[in-house]
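Here are my notes on the two-chain model, as numbered points. Have the structure open while you read.

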Amino acid sequence: MKVLVIALLAVGFLQTGCATPKSLYQDPTAVEEVGTTFGSTDLQMIAEKMVDSLLSFPPIVQETAKRRPVMFIERIKNKTSQHIDTESITDTISTKILRSGKFRFVDMDRINAVQEQIAFQKNSGMVSQESSLATGRQIGAEYMLYGNMSSIVKRNSDVKDVYYKFTLKLMHLESGILEWQDEKEIRKTQSRRTFGR
Amino acid sequence: MTRIESISKSVRSISLLTWAVAACLVFTASATTGCSTAGTTATLEETPSGEYAQYISTPNSGLRRKLSIESMAMRNAGDLRQVQAVLRNLKNSTQRFQYKVVWYDASGFAIDSESRPWNPVTLRGKDTFPVQATAPRASATTFKIHVKD
């Protein structure tokens, strides 16, 4: 009888311990291996590889030795079957490039906001014209950074294999020449375990 | 009755079910232990004199036994430093580990350390892997390569 009571108490404590959710801060750069879908580690590896490659490419090194060319990022085309926030990838890439001091950016997503602000300053009558922005003085972009993400998925009864390929290109806008291009390949597999989780 | 006969009699007296439960518990314990993450970190540093000594610095000697630096090279891409350290798997079995390269400026401040990701690597037995990295900024002068399993 005593053994039964102790056993029931133990089961009760275990259930309580397992039912209580536990929240912890984790390292955002830690490797996550939760399934084969696109994840934070993939995003970080792609951004690091692409930026390292771009900044160390000899013609780019030469071009940025004495000046900081202006570029803008076009949308990354998602050719996979997953929902991937490609803007998150380009944000990380542009952050790293900007912080390197080698390039400058124009943000094409904020053109409307800038036009609204200029119109407000010029036309609302609320801003002194001496302090308002001068129009027609923005710096034009010289380069466009763009690319795409694709995947190949294969599976059988035991294994699911997902191959990702991220390609990034830098085009000189005036000449149309592709000045730099590189790609990052990632393969993730998920196999069915014989025992356990 | 001899001692051996006594022991074998005791063993036979324990029910088959009890042996099965004990075997399951031992298997579960060993499987759980085998799946646990050690999480040790080794730091490979450039010596102050600028020469590259082939060593692994780690509080856990287990990682030192598994990996070694075969060679290390530095070069400049414009005003950005680049490093390559070739790691060799000393074991015959495949090793899985992660590495991260953190750069420091002349004052010893880490540059963008929070944004440097851990990179997973699977290295076959006795095989090599080149760890390469480019400094994020021209102000980077030194680096540390962190390795963990």
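1. Is A:V5 buried, partly exposed or exposed? A:V5 is partly exposed, because its relative accessible area is 39% (buried means under 20%, exposed over 50%, partly exposed in between, with a 1.4 Å probe and protein chains only). A:V5 sits in helix α1 of chain A, residues 2-19 (helices are DSSP runs of H or I with at least four residues, strands are E runs of at least two, both numbered from the N terminus).

2. Before going on, a word on the ground rules. This is a predicted model, where local features need pLDDT of at least 70, side-chain atom pairs count only at pLDDT 80 or more, and totals for chains, interfaces and linings use all residues. Residues are numbered from 1 along each chain as its sequence is written, chains are lettered from A and ligands numbered from 1 in the order in which they are written, and side-chain values use heavy atoms, with hydrogens and water left out.

3. Back to A:V5. Together with A:M1, A:L4, A:L8 and A:L9, A:V5 makes a nonpolar surface patch of about 560 Å². Patches are made of residues with over 30% relative accessible area and no salt bridge; like charges are joined within 9 Å, and nonpolar side chains (Val, Leu, Ile, Met, Phe, Trp, Tyr) within 5 Å. Accessible areas come from the Shrake-Rupley method with a 1.4 Å probe, and for residues only the protein chains shown count as cover.

4. Now the contact between the chains. Chain A brings 19 residues and chain B brings 22 (contact means heavy atoms within 4.5 Å). About 1700 Å² is buried between chain A and chain B, and carbon and sulfur atoms give 49% of that; buried area is the accessible area (1.4 Å probe) that two parts lose on being put together, summed over both. Of the area that chain A buries against chain B, A:T29, A:E48 and A:R99 supply 29%, more than any other three residues.

5. On the side of chain A that touches chain B, the elements giving two or more residues are α2 (40-56) and α4 (86-100) of chain A. The largest share, seven residues, comes from α2(A).

6. A:K102 is another one to look at. Its salt bridge with B:D79 has its closest N and O atoms 2.4 Å apart. This pair crosses between chains, running from the loop between α4 and β2 (104-105) of chain A to the loop between β2 (67-77) and β3 (80-89) of chain B. A:K102 counts as buried, because its relative accessibility is 9%, while B:D79 is partly exposed at 40%.

7. A:T29 lies in the loop between α1 and α2 of chain A and is buried, with a relative accessible area of 2%. Leaving aside residues up to four places away in sequence, A:T29 touches A:Q44, B:K100, B:E114, B:S115, B:R116, B:P117 and B:W118. Its side chain also makes a polar contact with that of A:D27 (2.8 Å); such a contact is a pair of N or O atoms within 3.5 Å, where within protein one must be able to donate a hydrogen and the other to accept it, and residues adjacent in sequence count only if both atoms are side-chain atoms.

8. Within chain A, A:R187 and A:D161 meet in a salt bridge (2.8 Å, N to O). The two are 26 residues apart, A:R187 in strand β5 (residues 178-191) and A:D161 in strand β4 (residues 159-172). A:R187 counts as exposed at 54% relative accessibility, whereas A:D161 is buried at 17%. Elsewhere, A:E63, A:R67 and A:E142 are linked in a network of salt bridges.

9. As for chain B, its secondary structure comes to three helices and eight strands. Buried residues make up 34% of its 149 residues.

Terms used: Salt bridge = Lys/Arg side-chain N within 4 Å of Asp/Glu carboxyl O.
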